[in-house]
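I opened the file to look up sheets, aromatic pairs, contacts and cores. These are my entries in the order I made them.

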Amino acid sequence: MVKKLTYLLLFFISTICNSQVTYNFESGNLTGWIQVPDAHWTASNSSPLNGSFSLKHSVGASNATDKISIALPFWNPSNGTVTWQVKVRHGYDPSGSNRWWIYLMTDKDANQMQLGGTCSGYAIGVNLVGTDDILKLWKIVNGTPQAILASTLNWQTQITTAGTGAMEIERSKNGIFTLRASSAGSFSS
């Protein structure tokens, strides 16, 4: 009997220790998100990437670096595997001045997320440094990016401005990253 209770208790403890955080924008609003500058992003139902709403940059080409962030719940990535899944459609060809990245985790909010600043963390994106248009995983220390993984996916030629890219990034509890990317916009391919 004690052995059965021990197994049952261990099952519930392992179930409780796993958690999932999802941001899907299905509420149609961006409550809790910090935008810099204000009102450059919306939860849009115009051609969503998934479901009824997607996060959309709502301002045309500008000279501003538009940023949006939300605080994650407290978690320690050294306690287990962390997986991020992101779909992106980018309506402009990438270049040295038209680059994009998504922070997976960082020590600052949108007010301080800028290259050359004091922000540190990990990001997935295209052309943070250079102009090869390749999707890469970046480690950013005090605003200085360094590519730590490069995919073989050329955003300009394989995704284009009309396509959707699906990216899955996994970090093991001992800090090993894996990057998977699909030009078909699907996590299963």
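Entry 1: I found an open sheet of four strands, in the order 6-7-8-9, with antiparallel pairing. Helices (H or I, at least four residues) and strands (E, at least two) are DSSP runs, numbered from the N terminus. Two strands count as paired if DSSP finds at least two bridges between them. Strand 6 (100–106) and strand 9 (144–154) are at the edges; each has a single partner strand, so one side of each lacks a neighbour in the sheet. Axes are lines fitted to C-alpha atoms, for helices over the stretch in contact, and angles run from 0 to 180 degrees between N-to-C directions.

I then checked strand 8 (residues 134–141) against strand 9: seven bridges, antiparallel. Leu137 has Leu149 of strand 9 opposite.

**Entry 2: ground rules.** The model is predicted, so I note its limits: local features need pLDDT of at least 70, side-chain atom pairs count only at pLDDT 80 or more, and totals for chains, interfaces and linings use all residues. Residues are numbered from 1 along each chain as its sequence is written, and side-chain values use heavy atoms, with hydrogens and water left out.

Entry 3: I found an open sheet of three strands in the order 5-10-11, paired antiparallel. Its edge strands are strand 5 (82–88) and strand 11 (177–182), each pairing on one side only. Neighbouring strands of this sheet are turned by 15° on average, direction ignored. Strand 10 (residues 165–171) runs antiparallel to strand 11 and is joined to strand 11 by six bridges. I looked up Met167: its bridge partner in strand 11 is Ala181.

**Entry 4: cores.** Which residues have the most contacts inside the largest nonpolar core? They are Trp84, Trp100, Ile124, Leu135, Trp155, Met167 and Ile169, in a core of 19 residues. A nonpolar core is a set of buried Ala, Val, Leu, Ile, Met, Phe, Trp, Tyr and Cys residues joined through side-chain atoms within 4.5 Å. Buried means under 20% relative accessible area, exposed over 50%, partly exposed in between (1.4 Å probe, protein chains only). Among the elements that each supply at least two residues are strand 7 (121–126), helix 2 (155–159) and strand 10. Strand 5 gives the most, with four residues. A second, separate core has seven residues, including Met113, Leu128, Trp138 and Ile140.

I listed the contacts (heavy atoms within 4.5 Å) of Ile169, leaving out residues up to four places away in sequence. Among them are Trp84, Leu104, Ile124, Leu137 and Phe177.

**Entry 5: aromatics.** I searched the whole structure and got five aromatic pairs. Rings of Phe, Tyr and Trp (its six-membered ring) pair if their centres lie within 6.5 Å; planes under 30 degrees apart count as stacked, over 60 as edge-to-face and the rest as tilted. Tyr23 and Trp33 are edge-to-face, at 5.6 Å centre to centre and 75° between the planes. Tyr23, Phe25 and Trp33 form one aromatic cluster. Tyr23 counts as partly exposed because its relative accessibility is 35%.

**Entry 6: two loop residues.** Phe53 is in the loop between strand 2 and strand 3 (54–57). Its C-alpha atom is separated by 5.7 Å from that of Phe25, 28 residues apart along the chain. Asp38 is in the loop between strand 1 and strand 2 (41–44). Asp38 is exposed, at 62% relative accessible area.
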